[in-house]
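Please look over the sequence and the model below before reading on. The paragraphs that follow walk through the structure one place at a time.

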Amino acid sequence: MNKDYYALIMAGGVGSRFWPVSRTEYPKQFIDFFGVGKTLIQSTYERFLSICPPENIFIVTNEIYSDLIKEQLPLMSDNQILAEPLMRNTAPCVAYGSLKIYELNPNATIVVAPSDHTIANVPGFIDSIAQSLDAASKNDCLITLGIKPNRPDTGYGYIQHTDYVLNTDTDLHKVKTFTEKPNLELAKSFMQSGDFLWNAGIFIWSAKSILKAFEKHLPDMYEIFNVGRSELNKAGEKDFINNAYFQCTNISIDFGIMEKADNVYVLPAEFGWSDLGTWASIYEMAEKDYVGNAVIPSEQVIMFDSSNCMVNVPKDKLVILNGLHDYIVVENNNMLMICPRNEEQKVKEFVAEVKSRFGNKFI
């Protein structure tokens, strides 16, 4: 296992689309959605154990989740948990994590990945990451993974690539454009063109290359972190980071770096990826009965004349459903949400309404 390979796992999101199971105090990355005995972040951590040494895995998260990280990943040291004092999108957390890792090992090559995605084909994922790490360690480039689309999905960003490859030993294609979530007509045209991929939000680069990119494309943010780099991995790190984050703009790594840099490459990949952005994506990945119901857990749920439903309820609760078709039924801590599956986009509206009526009590 290469001691110069590192993983930076991003685990600061709230996951409001999965309310009421995912809440601010206990968001989706810490939940076992499929009843497999592992939460999403535990599964993500486990995958990276096949890629780099355990001491080379770092998690960047909101400071309110530090104790949850320690509880679910007890082998991680305090220095491996990067606690953000407030949410500032993905560019600051990448700058923080990359500079911290660089101070530990200037020869580091880093994979940055979300904590709340699922991977059906783990060997395929590991192979794609290994190819990318090898290429990034030998070239000054910024790599992202692109998932080959199987439908014109409007819920993902898209990456357009050219036929130009980094070198003949790889399938890394030069990126032409990034496109935010398109409408259905545009998504269909992307599918037909054959040179568009879903943006998985997984990045690979050497620490030197990404810091150089920050210095060029986000110089103010680079300087905010660079001025206190001597404090990283030392007792003064927390105070420095608390001050630094309040100076940072709220910007994504995609918009701040990837869409501006001219050395960005994408690796087309297929490994059963889902970003688990909605209950529909949970439904798609979950096991279903003969009439299309996905029930997690299923021990005490009884369904009559019901089909194609997504049901997620506490395992000790008896639930009887009759005459429901294409519905989402979710209950947690005596909070119940029922909505048609084709209207799931309204979940955020539901959450906003609950917040306006009751404040943060139930969010």
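Where is Gln29 found? In this predicted model, Gln29 is found in the loop between β1 and α1, and with a relative accessibility of 1% the residue counts as buried, because buried means under 20%. Leaving aside residues up to four places away in sequence, Gln29 touches Ala11, Gly12, Gly13, Thr39, Leu40, Ile41, Gln72, Ser115 and Asp116. Between Gln29 and Met10 there are 9.9 Å in space, taken from C-alpha to C-alpha, while in sequence the two are 19 residues apart.

The loop between β1 and α1 also holds Pro20, and the peptide bond that leads from Trp19 to Pro20 is cis, with omega near 5°. As a general rule, most peptide bonds are trans, and most residues other than glycine have a negative phi. Phi of Asn89 is near 70°, a positive value in a residue other than glycine, and Asn89 lies in the loop between β3 (81-84) and α3 (90-104), where a relative accessibility of 38% makes Asn89 count as partly exposed. Asn333, for its part, has a phi near 50°, again a positive value in a residue other than glycine; its place is in the loop between β16 (327-332) and β17 (335-340), and with a relative accessible area of 53% Asn333 is exposed.

Phe30 counts as buried at 1% relative accessibility, and Tyr65 is buried with a relative accessible area of 2%.

Phe33 and Trp279 form an aromatic pair that is edge-to-face, with 5.7 Å from centre to centre and 80° between the planes. Here too the pair links distant parts of the chain, because Phe33 sits in the loop between β1 and α1 whereas Trp279 belongs to helix α10 (residues 279-285), 246 residues apart. Together with Phe18, the residues Phe33 and Trp279 form one aromatic cluster.

Charged side chains meet a ring at Tyr283. Lys288 lies over the face of Tyr283, at 4.8 Å from the ring centre, and the charged end of Arg341 sits over the ring of Tyr283 as well, 4.0 Å from its centre.

The next stop is a strand. Phe178 has its place in strand β8 (residues 173-179) and counts as buried at 17% relative accessibility, because the limit for buried is under 20%. Apart from residues up to four places away in sequence, Phe178 touches Tyr158, Ile159, Asn199, Met258, Glu259 and Val264. Phe178 and Phe255 are 77 residues apart in sequence, and their C-alpha atoms are 9.1 Å apart in space. Ser193, in helix α5 (residues 184-193), counts as partly exposed at 40% relative accessibility, and from Ser193 to Met76 there are 44 Å in space, C-alpha to C-alpha, and 117 residues in sequence.

The walk ends with two helices. The axes of helix α6 (residues 207-217) and helix α7 (residues 219-226) come within 5 Å and cross at roughly 125°, which makes α6 oblique to α7. On the side of α6 the contact is made by Leu211, Phe214, Glu215, Lys216 and His217, and on the side of α7 by Pro219, Met221 and Tyr222.

Key. Residues numbered from 1 in each chain as written. Heavy atoms only, no water. Axes fitted to C-alpha atoms, helices over the stretch in contact; angles between N-to-C directions. Helix = DSSP H or I, 4+ residues; strand = E, 2+ residues; numbered from the N terminus. Parallel < 35°, antiparallel > 145°, perpendicular 65-115°, else oblique. Contact = heavy atoms within 4.5 Å. Buried < 20%, exposed > 50% of the residue type's maximum accessible area, 1.4 Å probe, protein only. Phe/Tyr/Trp six-rings, centres within 6.5 Å; stacked < 30°, edge-to-face > 60°. Lys NZ or Arg CZ within 6 Å of the ring centre and 35° of its normal.
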